[in-house]
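Subject: Structure handover

Hello,

Here is the structure I promised to pass on. My notes follow below it.

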Amino acid sequence: MISAMVLCRFLHFTVVLMLFGAWVFKPLLSGRETALDRPLARVCQWLAGVALFSGVGWLLLIAASMAGSWAAAFDPSTLGLVLGKTFFGQVWRWHLLLNLLLLVLLLTPLRDNLPWRIVLSGLLLATLAPVGHGAMLDGNEGRLLILNQIIHLICVGAWLGGLMVLVMILLRPDTHAVKAILQRFSGVGYALVAGLVITGLINVRVLTGQFWPTPLLSGFALILLIKVVLVAAMSGLALFNRLRIKDCEQRQSTLKTSVILEWLLGIGAVAAVSLLGTLPPMIMS
């Protein structure tokens, strides 16, 4: 059951993060109307559908976990208790409603309305913040932790979704000015990495009472270390591409491979986060 939960969390987090980031970065990277619009719209429709499917699956797994039985996942009374009597359920019913609204939007002529897409995907992303460790604290401290987690998710989502759009652009480089796009992406990328690192350190400090949890090579601390290594590798690739930006037009194959690898490392970091959410953070007194 835990393995299924981790896989479901990973799938849901990944698609929701990429939905938000793709729509935030697309106007910045390739303008308002480009050849990218139609393929990106199809990809986002699929992502929204997968998000809704995995979101419902997450709810069913929570119900089964709480009841200690797979059969409870489809028991209306158990699902009603989870949705109505638990903090997760109260957040999740809004989350699923936002997901449904977003999917409906993408299947209607309103799909061309970028502000609505960003607002709905942003709210969908924000409602992931109280789920998991974000709900461990009460009062103002808990609300500040959730706010910090929202900022963290925005930074991660913008970076990951932006990389997805960049990969799609590099697969069709003849239709875009690659050098100018990379310069814009790198400029915003610095701010995103800074925000990600700062909010991540705040999360660790608040949840563990330390700047780094111990023991280093077991449990929560080990998975956190893997996440940090993956993010550091992403940052290294981003810096490499930034330093070689002048000759990017002559090394498009290498650039494409590097950006795809950076994107895959980001997805790997999300997988680590999905596992972290199921582990106790070892709060210190």
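This is a predicted model: local features need pLDDT of at least 70, side-chain atom pairs count only at pLDDT 80 or more, and totals for chains, interfaces and linings use all residues. Residues are numbered from 1 along each chain as its sequence is written, and side-chain values use heavy atoms, with hydrogens and water left out.

**Overall**

The protein has nine helices and zero strands. Helices here are DSSP runs of H or I with at least four residues, strands are runs of E with at least two, and both are numbered from the N terminus. From that end, the order reads α-α-α-α-α-α-α-α-α. Of the 285 residues, 48% are buried. Buried means under 20% relative accessible area, exposed means over 50%, and partly exposed lies in between (1.4 Å probe, protein chains only). Take the contacts between residues at least 6 apart in sequence: 75% of them join residues at least 24 apart. A contact means heavy atoms within 4.5 Å.

**Helix H3**

H3 covers residues 76–85, and Thr78, Leu79 and Val82 are buried in it. These residues span an arc of only 100 degrees around the axis, so they sit on the same side of H3. The arc is taken from the directions from the helix axis to the C-beta atoms. As background, an α-helix has 3.6 residues a turn, so residues three or four places apart point the same way. What do the buried residues of H3 pack against? Their partners are helix H2 (37–67) and helix H4 (87–106). The face turned away from the buried side carries the exposed residues Pro76, Leu81 and Lys85.

**Helix H6**

Asn148 belongs to helix H6, which runs over residues 139–170. Is Asn148 buried or exposed? Asn148 is buried, with a relative accessible area of 8%. Leaving out residues up to four places away in sequence, Asn148 touches Thr199, Ile202 and Asn203.

Leu166 is also in H6. Leu166 is buried, at 3% relative accessible area. Its C-alpha is 9.2 Å from that of Val178, 12 residues apart in sequence.

**H6 against H9**

Helix H9 spans residues 252–276, and its axis and that of H6 come within 9 Å and cross at roughly 150 degrees. Axes are lines fitted to C-alpha atoms, for helices over the stretch in contact, and angles run from 0 to 180 degrees between N-to-C directions. H6 and H9 are therefore roughly antiparallel. That label needs an angle over 145 degrees; under 35 is roughly parallel, 65 to 115 roughly perpendicular, and the rest oblique. The crossing of H6 and H9 is left-handed. Left-handed means the near helix is turned anticlockwise from the far one by less than a right angle; clockwise is right-handed.

On the H6 side, the residues that meet H9 include Trp159, Leu163 and Val167. On the H9 side, they include Val259, Trp263 and Ile267. By class, this contact has 13 nonpolar, one polar and two charged residues. Ala, Val, Leu, Ile, Met, Phe, Trp, Tyr, Cys and Pro count as nonpolar, Asp, Glu, Lys and Arg as charged, and the others, Gly among them, as polar.

Leu255 lies in H9. Leu255 is buried, with a relative accessible area of 0%. Leu255 and Leu170 are 85 residues apart along the chain, yet their C-alpha atoms are separated by 8.3 Å.

**H8 against H9**

The axes of helix H8 (residues 219–243) and H9 come within 9 Å and cross at roughly 160 degrees. That makes H8 roughly antiparallel to H9. Their crossing is left-handed. By class, the contact of H8 with H9 has 18 nonpolar, four polar and two charged residues.

Best wishes
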